[in-house]
Amino acid sequence: MHDDHTTAPKTRALRLGVAGPVGTGKSSVIATICRHLRDEFALGVITNDIYTDEDARFLKSAGVLPEERIRAVETGSCPHTAIRDDVTMNLMAVEDLERDFAPLDIVLVESGGDNLTATFSPALVDAQLFVLDVAGGGDVARKGGPGISGADLLVINKIDLGPHVDVDVDRMVADAQKARDGRPVLPLSRKQADTVEKLCDWVREMHKTYAGGDHVPVDPGPMAPHHHAHDDGHTHRHD
């Protein structure tokens with residue numbers, strides 16, 4: 001007797017979330033991963049913006065993947081809501097991408113630009129990267145927050161800019177390591193091949209662990225209480 005369950009294709013990819021404040025280079029990190037790993041893995045990308053598809057258009061124009069494997073979600077709401085509180089829009093987009101291009105190995109989900117409180121729900125992603133950059137200030141890592149302290153990997157991006165913005169990169173990395181209590185911290189510059197290879201090695205190892213059934217998603221913890229101001233003068237609060 002034929003059993004459809006035994007012949008159904010595997011469509012569940014490793015889902016990696018990429019979060020971090022505005023301007024830290026989340027899209028650039030995703031482009032770097034895609035550019036260097038697209039010949040090893042079948043990749044897809046979901047981007048998030050409140051009202052635009054600008055990040056998706058950036059990645060498409062960079063030619064890092066076939067355009068149809070890069071899809072934008074326009075959340076129409078606070079980025080926190082779309083990656084943590086109600087992940088429905090993103091989850092549907094990921095599942096559609098996995099179905100349309102099965103089997104994918106990895107789907108990267110980029111959060112809309114946000115602040116230090118952002119974390120992904122483990123219902124949406126299996127692991128998450130949090131991105132800071134030296135241009136944001138050398139003291140940012142010391143400020144902490146659930147993304148900095150609890151993400152699977154903390155990326156300190158644009159380290160080549162350190163001398164130009166008066167940031168001691170070694171000190172910033174040391175502060176980040178202290179804030180993360182032993183969890184990995186990766187200093188990164190897309191212009192420094194050794195740092196790019198370390199990022200790719202982390203992704204490879206994460207996929208290997210996931211594919212072997214040994215990875216258990218870890219929730220970095222709820223976002224810290226904060227509020228957002230709107231153009232009409234109203235605010236809304238997350239607790």
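The model is predicted.

**Salt bridges**

- Side chains of opposite charge can pair when their charged atoms come close.
- Aspartate 126 and arginine 12 form a salt bridge through their side chains, at 2.9 Å from N to O.
- Aspartate 126 sits in the loop between strands S4 (106-110) and S5 (127-133) and arginine 12 in the loop between helix H1 (4-7) and S1, so this pair ties together parts 114 residues apart in sequence.
- Of these two, aspartate 126 is buried at 5% relative accessibility, while arginine 12 is partly exposed at 30%.
- Arginine 204 and aspartate 201 make a salt bridge of 2.6 Å, N to O.
- Both belong to helix H9, where a spacing of three residues puts about one helical turn between arginine 204 and aspartate 201.
- Shared partners link Glu40, Glu197, Asp201 and Arg204 into one salt-bridge network.
- Another salt bridge joins lysine 143 to aspartate 139 at 3.9 Å, N to O; lysine 143 is exposed, at 57%, and aspartate 139 is partly exposed, at 32%.

- Lysine 191 lies in the loop between strand S7 (185-187) and helix H9 (193-211) and is exposed, with a relative accessible area of 63%.

**Annotated binding site**

- An unreviewed UniProt entry annotates a "binding site" that includes Pro21 and Thr24.
- Proline 21 is in the loop between strand S1 (14-19) and helix H2 (26-37), and threonine 24 is in the loop between S1 and H2.
- Proline 21 is buried, at 16% relative accessible area, and threonine 24 is buried, at 2%.

Notes:
Residues numbered from 1 in each chain as written. Predicted model: local features only at pLDDT ≥ 70, side-chain atom pairs only at ≥ 80, totals over all residues. Heavy atoms only, no water. Helix = DSSP H or I, 4+ residues; strand = E, 2+ residues; numbered from the N terminus. Buried < 20%, exposed > 50% of the residue type's maximum accessible area, 1.4 Å probe, protein only. UniProt positions renumbered as here; feature names shortened; annotations may be inferred. Salt bridge = Lys/Arg side-chain N within 4 Å of Asp/Glu carboxyl O.
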